[in-house]
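Me: I'm new to this structure and would like to learn how to read it. Could you take me through a few features, one at a time?

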Amino acid sequence: MEPKLKLINMDRVEVEQIEWLLYPFIPYGKVTIIQGDPGEGKTTMVLQIIAKLTRGEAILPTVSLTDDKENAEVPVNVIYQTAEDGIDDTIKPRLEKAGADCSMIRVIDETEKELSMTDDRLEQAIIETGARLVILDPIQAYIGAKVDMHRANEIRPVLKHLGMIAEKYNCAIVLIGHMNKGSGAK
């Protein structure tokens, strides 16, 4: 049975302000995709952002007319998942080099079961850590084995579920996407 048509009148929609992790690029409560060709520095950029957030520093320099300590940044808990790089030989050394407070960063153990975007452990980790930023690198590794990311009817519910988690916990979820090798301009 088809659901009954329900229309939303735009004049009755309450406008909500967006809170930004990094204005105007990465909002809290939403899913953001950072995508590019291999070797363009996507992961490096994200690790630099993580380092500043875990130290309670602004990601970008800000100009302030007052020395307002009350509006100082607060260190942010982060969940960082990677399926490409070793956390012990690649990611942690890069985080340390960037000056990250590694005590603020968690990785969900995938030893017994690989993580996917629909895995309950992702939401549990956000609840347990109070993470304000979740990184899944690369998106292709976390879609799920039964989802073809080239089929909108399969990927849409997965991304919608992820977006609902981001909104529910007001955390920024960043997916790092890699373009296919050879897909860039020649």
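This is a predicted model: local features need pLDDT of at least 70, side-chain atom pairs count only at pLDDT 80 or more; totals for chains, interfaces and linings use all residues.

Me: Where is glycine 29 in the chain?

Reply: Glycine 29 sits in the loop between strand E2 (26–27) and strand E3 (31–36).

Me: Which residues is glycine 29 in contact with, leaving aside its neighbours within four places in sequence?

Reply: Its contacts are Gly163, Ala166, Glu167, Asn170, Cys171 and Ala172. Take glycine 163: it lies 134 residues apart from glycine 29 along the chain, yet their C-alpha atoms are separated by 7.3 Å.

Me: Ala172 brings me to strand E7. How many of the residues of E7 are buried?

Reply: Seven of the seven residues in E7 (residues 172–178) are buried, which leaves the strand mostly covered. To read a strand, check which way its residues point. In E7, Ala172, Val174, Ile176 and His178 point one way, while Ile173, Leu175 and Gly177 point the other way, and all are buried.

Me: Which strand pairs with E7 over six bridges?

Reply: That is E3, and the pairing is in the parallel sense. Within it, glycine 36 has histidine 178 of E7 as its bridge partner. E7 also pairs with strand E6 (residues 133–137), again in the parallel sense, over four bridges. Here leucine 136 stands opposite leucine 175 of E7.

Me: Now the helices. How are two packed helices described?

Reply: The description uses the angle between their axes and the distance between the axes. In this model, the axes of H3 and helix H5 (residues 152–169) come within 11 Å and cross at roughly 15°. That angle makes H3 roughly parallel to H5. The crossing is right-handed.

Me: Which residues of H3 and H5 meet?

Reply: From H3 come Leu122, Glu123, Ile126 and Ile127, and they meet Leu162, Ile165, Lys168 and Tyr169 of H5. By class, this contact has six nonpolar, no polar and two charged residues.

Me: Is glutamate 123 buried or exposed?

Reply: Glutamate 123 belongs to helix H3 (residues 120–129). Its relative accessibility is 19%, so it counts as buried, the cut-off being under 20%. Not counting residues up to four places away in sequence, glutamate 123 touches Ile165, Lys168 and Tyr169.

Technical notes. Residues are numbered from 1 along each chain as its sequence is written. Side-chain values use heavy atoms; hydrogens and water are left out. Helices (H or I, at least four residues) and strands (E, at least two) are DSSP runs, numbered from the N terminus. Buried means under 20% relative accessible area, exposed over 50%, partly exposed in between (1.4 Å probe, protein chains only). Contact means heavy atoms within 4.5 Å. Two strands pair if DSSP finds at least two bridges between them. Axes are lines fitted to C-alpha atoms, for helices over the stretch in contact, and angles run from 0 to 180 degrees between N-to-C directions. Angles under 35 degrees count as roughly parallel, over 145 as roughly antiparallel, 65 to 115 as roughly perpendicular and the rest as oblique. A crossing is left-handed if the near helix is turned anticlockwise from the far one by less than a right angle, and right-handed if clockwise. Ala, Val, Leu, Ile, Met, Phe, Trp, Tyr, Cys and Pro count as nonpolar, Asp, Glu, Lys and Arg as charged, and the others, Gly among them, as polar.
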